Amino acid sequence: MNNKKRKQRKIYKINKQQEIKTCSLLKYNALKYIQDYEIIGKLSYVSKSRLEWIIDTRYKLQFSANKYEKEFGKFLIDNKIDFIHQMPFIISGIIYFLDFYIPDKRIAFEIDGESHSSMVKHDNDNYRDYQFNSINIKTYRIPNSEIGKNNILGPHIKSILGTNR
């Protein structure tokens, strides 16, 4: 094998590894398509147009996940924690999407960017958390700046979930 082909193969392997790292959340979402039908089935009481909006918005949110969401999703995947990415809920007529929902623990993780530091957004987040608390879902907010600090974040998330994985 000549050097050019060897180099191309090496680049391909590196690209494949990078693709796996960056797309693991997308792949997880794709593998959960049966669960998606169950989720959408639970919303069958809403109008067809509203249901279509929920489905479209959910997939847009899943496919536009930022690098912090992807990294947090990879953390959950690597630790074999079952979750639903961008889980839709309707509470008091308002549609919400949770970044990461752990159904068996009734826990949600919201990955918050810089925009969440504004006072208005902070008030909205508090109201949203209150709404989820009213249906017994505990919300944890993680700022983007904390993602990637696995030596700190990892043990904290595991303690919240009560897992030693």
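How many nonpolar, polar and charged residues does the lining of the largest cavity have? In this predicted model, the lining has 3 nonpolar, 4 polar and 3 charged residues.

**The cavity**

A search of the whole structure finds 1 cavity of 30 Å³ or more. Its volume is about 40 Å³. The residues that line the largest cavity are Tyr28, Asn29, Lys32, Gln35, Asp36, Arg58, Gln62, Phe83, Ile84 and His85. Two or more lining residues come from each of the elements α1 (3-31), α2 (33-41), α3 (48-63) and β1 (84-91).

| Class in the cavity lining | Count |
|---|---|
| Nonpolar | 3 residues |
| Polar | 4 residues |

**The nonpolar cores**

The largest nonpolar core holds 19 residues, and those that touch the most other members are Phe72, Leu76, Phe100, Phe109, Ile142 and Ile157. Elements that supply two or more residues to this core are α1, α4 (67-78), β2 (94-102), β3 (107-112) and α6 (150-161). Of these, α6 gives the largest share, 4 residues.

Leaving aside residues up to four places away in sequence, Phe72 touches Phe100, Phe109, Ile111, Ile142, Ile147, Leu153 and Ile157.

Another core, of 18 residues, lies apart from the largest one, and its members include Ile39, Leu51, Ile84 and Met87. Ile84 is also one of the residues that line the largest cavity.

How values were computed: Residues numbered from 1 in each chain as written. Predicted model: local features only at pLDDT ≥ 70, side-chain atom pairs only at ≥ 80, totals over all residues. Heavy atoms only, no water. 1 Å grid on protein atoms, 1.4 Å probe; cavity = no way out; pocket = protein on both sides within 12 Å on 5 of 7 lines; lining within 4 Å. Points joined across faces, edges and corners; volume = space filled by probe spheres on them. Nonpolar A, V, L, I, M, F, W, Y, C, P; charged D, E, K, R; others polar. Core = buried A, V, L, I, M, F, W, Y, C linked by side-chain atoms within 4.5 Å. Buried < 20%, exposed > 50% of the residue type's maximum accessible area, 1.4 Å probe, protein only. Contact = heavy atoms within 4.5 Å.
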